[in-house]
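Okay, everyone, thanks for coming. Have a look at this one with me, and then I'll walk you through it.

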Amino acid sequence: MEGKGKVKMRSVLIYGAISLALVIAASLYSFSYFNEHGGDGHSHDHGTPQAQVVAPSMKEVRIEVDDGMRFSPATWEAQVGEPIRIILVNKGKVDHELVIGTEKEIIAHAKDMANPNSKGHHHTNEISAKPGQQAELVWTFKKPGQYAMACFEPGHYEAGMKGVINVETKTH
Ligand SMILES: [Cu+2]
């Protein structure tokens, strides 16, 4: 009985920590939003990423892009259930984006982008960065397998701007 109580207490603590992190992340997010978008009259909504919960211990994957139409690294590993802070750093002179998902989802997205009627359609699995800027997204893979990332700025995907993420089940 005592053991059960302990487990419950721990989950309450974890829940509290997560809520706190959420509040902090949300305020940081809105702060940076105003810094980036404030006053220039250019409000281009890229949608709110899936989650903005950034814990200090969270695994980070920093992906650099430039106008060479490549992600660096283009291949990386992740584990199922592990939240990853994906940081897209644009060192090029044109906009770049990172769309993440299964190969199927990426291809569906490519088709969607090619359809002129679906412009302005944004997803939670997508971030974009202007030249010299960076963007980030917290992402958790739910199942093992091979996933893909791609940039759908016009012509980029076709030029080879794509990558692979190998997701494995955590082994203890
Ligand atoms: Cu690109």
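So, contacts: among those between residues at least 6 apart in sequence, 78% join residues at least 24 apart. Contact here is when two residues' C-beta atoms, placed from the backbone, lie within 7 Å.

Now, the caveat: this is a predicted model, where local features need pLDDT of at least 70, side-chain atom pairs count only at pLDDT 80 or more, and totals for chains, interfaces and linings use all residues. Numbering starts from 1 along each chain as its sequence is written.

How confident is the predictor? pLDDT is its confidence in each residue, from 0 to 100; the chain averages 78, and 66% of the residues score at least 70. The stretch at residues 22-50 has pLDDT below 50, and beyond near neighbours in sequence it has 21 contacts in the model.

On to the layout. The chain has 2 helices and 9 strands, counted as DSSP runs numbered from the N terminus: helices are H or I with at least four residues, strands E with at least two. From the N terminus on, the order goes α-β-β-β-β-β-α-β-β-β-β.

Who sits beside strand β9, residues 162-168? Strand β3 (residues 75-79) pairs with β9 in the parallel sense over 5 bridges, with Thr75 opposite Val164. Strand β8 (residues 145-150) pairs with β9 too, in the antiparallel sense over 6 bridges, and there Gln146 has Asn166 as its bridge partner. Pairing means DSSP finds at least two bridges between the strands.

Technical notes:
pLDDT is the predictor's confidence in each residue, from 0 to 100.
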